[in-house]
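Hello,

Here is the structure I promised to pass on.

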Amino acid sequence: MAKSIRKKTKKIWEDISLKLKNMALTTRFSIAIVICMGFLIMILSGILFKNMKDNIFKEAYNYMKYEQISVEEAFEQSVNSIHMSVRIFENDDVFIEFLESAARGEKLSASEILDIYEGEINTLTRIVANNPLMYCVRVYGVNDNITEMMSVLYKNNRLSNLNWGKEADICGWHLNYKDAVFSGLTDTDNTSLISYVGVINSVNYGQVGYIESVMRMDEIFPGFYDNEKKDDWAFYVEQNGNIIHGDKWPEEASYISNSITNNSSLLMEKNIKILNIEGRTLGIFTIPDDNIGGTYIGVHDITKAVSNLDTTRNTFVLILLGIMILLWVMIDRLLVRSMLKDFYEILGTIRYVRNKGDLTVRVSENTGEGYEMGELAHQFNRMLDRIEELMKENVEREILIKNAGIKSLQNQINAHFIYNVLESVKMLAEIDEEYLISDSITSLGKMLRYSMKWTSGNVTLGEELEYIDNYIALMNLRNDFKVILSTNIPDVLKKQQIPKMSLQPVVENSILHGIAPIGEDATIFIKVMEENISGRKCVRMEVSDNGAGMSEEELEELRKKIEGGIDTSDKGHGIGLKNVEDRIHLSFGKEYGMSIMSKVGEYTKISFELPYILGGTTNEKNFNS
């Protein structure tokens with residue numbers, strides 16, 4: 001499937017590329033300009049709408065943070081009121097003694113009951129009434145042997161009228177139930193209640209009753225019923241997963257609440273989140289509660305705000321597309337065609353030259369200085385001038401090549417004549433037993449033959465070394481000191497291709513500038529090795545001598561001459577080496593060349609880096625034939 005999609009995508013891009021290639025230059029320029037402008041506008045608008053959406057989320061977060069703090073404070077205050085009411089009743093000793101006597105089954109006189117009612121019951125009733133958060137506080141005896149005193153004291157059988165009163169353990173919190181303590185039916189105002197039920201104990205008897213501290217659900221959970229905040233609603237999740245909510249319960253609340261409660265990590269910690277649930281964007285804040293044992297969850301629906309922003313963005317994109325189409329027409333018709341007018345004039349001239357072959361035609365250059373089309377027209381005219389010049393030079397070159405061929409033939413004849421004369425002189429020396437002269441003539445003849453060979457420019461290292469041997473033999477005849485050639489070259493590298501006469505100038509420099517100044521016997525070392533430099537297979541050649549060496553100033557000057565930093569047109573040290581460096585660059589490229597190291601009174605070493613190119617005998621004419 002993925003492979004098929006990639007193929008289709010590639011085919012679409014190929015079709016688009018082909019269509020673009022077949023379009024006129026003006027159309028392509030116009031499309032490119034519009035795309036660039038549109039891309040820039042889209043990026044800026046994307047950043048703008050992203051910031052606007054981020055602001056919506058930020059405002060929602062701050063709003064939920066405020067609501068979370070408000071709910072938490074109100075909830076804590078309500079729970080404290082409930083517990084405080086319980087403690088007031090539990091700490092009234094007279095009231096506890098009255099409950100204890102009822103638990104024992106003792107009968108009290110009417111006056112004693114009246115005293116309790118006018119004293120403790122009225123006092124406790126006023127205390128509860130003075131707390132606006134409390135709905136009521138009720139005390140139930142452990143049996144029915146008690147005189148009921150509204151609205152505080154009740155018989156035990158009243159508990160069975162409440163929906164939680166028949167449970168095995170009634171102590172703890174009870175949420176979202178109706179007041180049915182008298183008849184078993186709910187009260188007329190249908191008020192939802194929340195209460196904490198605890199046990200009342202006396203020191204002498206033990207359990208003497210139950211206390212129910214009651215509050216309205218809308219007091220402790222106002223978010224369940226607040227219809228003024230249309231986009232807000234809330235619910236409470238008990239530890240057993242039961243969801244408790246109020247009258248404000250939207251149609252989508254059921255599946256949204258189930259989705260939230262399935263996220264256990266969200267319920268365990270105090271959180272504020274922006275979530276996407278069932279296509280709605282919701283702000284969620286949670287308040288885990290250790291008192292009741294559950295989690296309060298507030299929901300702030302920002303779907304409408306986000307949807308309005310998305311609609312605005314889509315409308316903006318459509319308007320932008322319309323503007324881009326209009327802009328493309330204007331750019332194509334007015335701007336690009338005007339800009340490329342001179343270009344099409346030049347293009348027409350090029351086509352005329354191609355079709356007619358008329359090199360005398362020229363493009364008008366009456367354009368502003370620095371204008372690219374004017375520069376293009378100027379360069380095109382100079383190109384036509386240069387083509388005419390090259391055609392004339394080509395004719396002259398053909399004549400020179402023919403003349404050079406004739407002269408080369410003459411040189412071959414002259415070289416052949418000189419070499420034959422040297423062979424005759426050599427024979428005369430051998431007849432007279434002048435073997436030193438004979439050997440010298442042999443070396444000279446080999447050098448002449450090597451230098452006069454007709455070659456393309458490159459020879460093998462072995463051929464060059466043979467020439468160096470003959471050269472050193474002749475140099476030893478004319479000097480009082482002796483030069484010894486020492487080589488360390490693998491046989492396979494003797495077939496390495498090098499520019500012809502590239503080692504001889506180096507060896508000559510070693511003798512003239514290194515060994516001759518000290519006037520003593522010396523050795524020239526030639527070492528060749530294979531290397532890998534920056535992933536390239538190369539050959540390094542090193543030519544060193546143990547002669548006079550150079551100072552740092554002399555060495556730096558020589559390096560500048562070789563690099564072309566100092567003029568070497570006059571005769572002097574460095575001309576031959578620069579020539580060798582230039583020929584290496586011409587043959588193999590700028591990445592190859594030579595380097596020089598030297599120390600006064602000790603040595604001079606010249607290293608070459610060449611590409612690894614092996615070859616046999618070069619294609620050349622031997623004048624000894």
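**Two packed helices**

Helix α3 (residues 93-104) packs against helix α4 (residues 110-129) at an angle of about 120°, and their axes are 10 Å apart. (Helices are DSSP runs of H or I with at least four residues, numbered from the N terminus; axes are lines fitted to C-alpha atoms over the stretch in contact, with angles from 0 to 180 degrees between N-to-C directions.) That angle makes α3 oblique to α4, a label for whatever is not under 35 degrees, over 145 or 65 to 115. V94, F95 and F98 of α3 make the contact with I116, E120, I121 and L124 of α4, where contact means heavy atoms within 4.5 Å.

This is a predicted model, so local features need pLDDT of at least 70 and side-chain atom pairs pLDDT 80 or more, while totals for chains, interfaces and linings use all residues. Residues are numbered from 1 along each chain as its sequence is written, and side-chain values use heavy atoms, without hydrogens and water.

**The cores**

The largest nonpolar core has 46 residues, and F89, F95, V139, I194, F221, F224 and Y296 touch the most other members. (Such a core joins buried Ala, Val, Leu, Ile, Met, Phe, Trp, Tyr and Cys through side-chain atoms within 4.5 Å; buried is under 20% relative accessible area, exposed over 50%, partly exposed in between, with a 1.4 Å probe and protein chains only.) Helix α2 (residues 25-90) gives this core its largest share, seven residues. A second, separate core of 41 residues includes I472, V506, V507 and A522. Of the protein's 625 residues, 38% count as buried.

Best wishes
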